[in-house]
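Here is a short briefing on one structure. Look at the sequence and the model, then read the points below.

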Amino acid sequence: MTEGQQSAPGGQTMAYGKDGLQVLDYWPAESKKAPLVVFVHGGGWKRGSKDNATGVAKVRHYHELGYAFASVNYRLVPDATVEQQAQDVADALAFLRSKAQDLGFESGRITLMGHSAGAHLVALVGTDMRYFTKAGLTPDAVRGVILLDGAAYDVGRQMAEGGRFMAGTYAQAFGTDPARQRALSPTFHAEKPDAPSFLILHVDRADGAAQSEALAAALRQAGTPVEIAALEGQGLRGHMQVNRSMGDPDYPGTAIVDHYLRRIFGQ
């Protein structure tokens, strides 16, 4: 659930594909050699957009830190598959990298950040390199991947244990074929090659915590650097808060992400 989390005004809208949803908003930094944070919204793979699910604080906060910022739309279920959504994320990243000089950021200093379903999608493209490869990218196309309270890193387990509230959403997105569910599970792609590093954040909800910890364990076993942290907030309210409040200096998660970004960007 991501409604009511409005984005900041003033972004430049650009198309990275032919479909009407294959668009993104871009906010430049003051420096022409800035790092770039690319955000992917949530919404159960079937709703949400860059206009209502980016959160109000991110653009301003990351601009104050000297970063450029982009927020990506992708095609939605049921008109598109989750596989196509992941490819949209990779294609949007490739588009941005191709425009780095014109847009004014360093193509070698990019991080992907996603919330909820968006966290699943950025985790998938950060572990299953088929999407990057098809977009003409290598694993080091990003410096890192930041996951904000996802809960479908192991799709089959989530569908079995996640309860009835989201059961229909998961069934619509991932279907009934266990092989497809596994193929769309970042935890099962954690063997290298992966994106260079991951930051996994979760709030106090049982499924999100368990899924986050299992993904972190799989990445560690593969030798991929990963940090994981639990944030305040419970259940659905906490799940929404991590997105709405990220970038607010008073929100504890903001400092964790800021520290990670400074380290991977080298500034």
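Tyr26 stands opposite Ala70 in strand E4. E2 and E4 run antiparallel and are joined by 4 bridges. This is a predicted model, where local features need pLDDT of at least 70, side-chain atom pairs count only at pLDDT 80 or more, and totals for chains, interfaces and linings use all residues. Residues are numbered from 1 along each chain as its sequence is written, and side-chain values use heavy atoms, leaving out hydrogens and water.

- Helices (H or I, at least four residues) and strands (E, at least two) are DSSP runs, numbered from the N terminus.
- Two strands pair if DSSP finds at least two bridges between them.
- Strand E1 (residues 12-15) pairs with E2 in the antiparallel sense, over 4 bridges.
- Thr13 stands opposite Asp25 in E2.
- E2 is largely enclosed by the rest of the structure, because 5 of its 5 residues are buried (under 20% relative accessible area; exposed is over 50%, partly exposed in between; 1.4 Å probe, protein chains only).
- In a regular strand, side chains alternate between the two faces of the sheet.
- Val23, Asp25 and Trp27 point one way from E2, and Leu24 and Tyr26 point the other way.

**Aromatic rings**

- Rings of Phe, Tyr and Trp (its six-membered ring) pair if their centres lie within 6.5 Å; planes under 30 degrees apart count as stacked, over 60 as edge-to-face and the rest as tilted.
- By this rule the count comes to 8 aromatic pairs.
- Trp27 and Phe69 form a tilted pair, because their ring centres are 5.8 Å apart and their planes are at 55°.
- This pair links distant parts of the chain: Trp27 is in E2 (residues 23-27) and Phe69 is in E4 (residues 68-72), 42 residues apart.
- Trp27 and Phe69 are buried.
- The rings of Tyr62 and Tyr67 have centres 6.4 Å apart and planes at 20°, so this pair is stacked.
- Tyr62 and Tyr67 are both buried.
- One aromatic cluster is formed by Trp27, Tyr62, Tyr67, Phe69 and Phe265.

**Helix H7**

- In helix H7 (residues 167-174), the buried residues are Thr169, Tyr170, Ala173 and Phe174.
- They sit on the same side of H7, because they cover an arc of only 100° around the axis (the arc of the directions from the helix axis to the C-beta atoms).
- Gly175 follows H7, and its phi is positive, near 70°.
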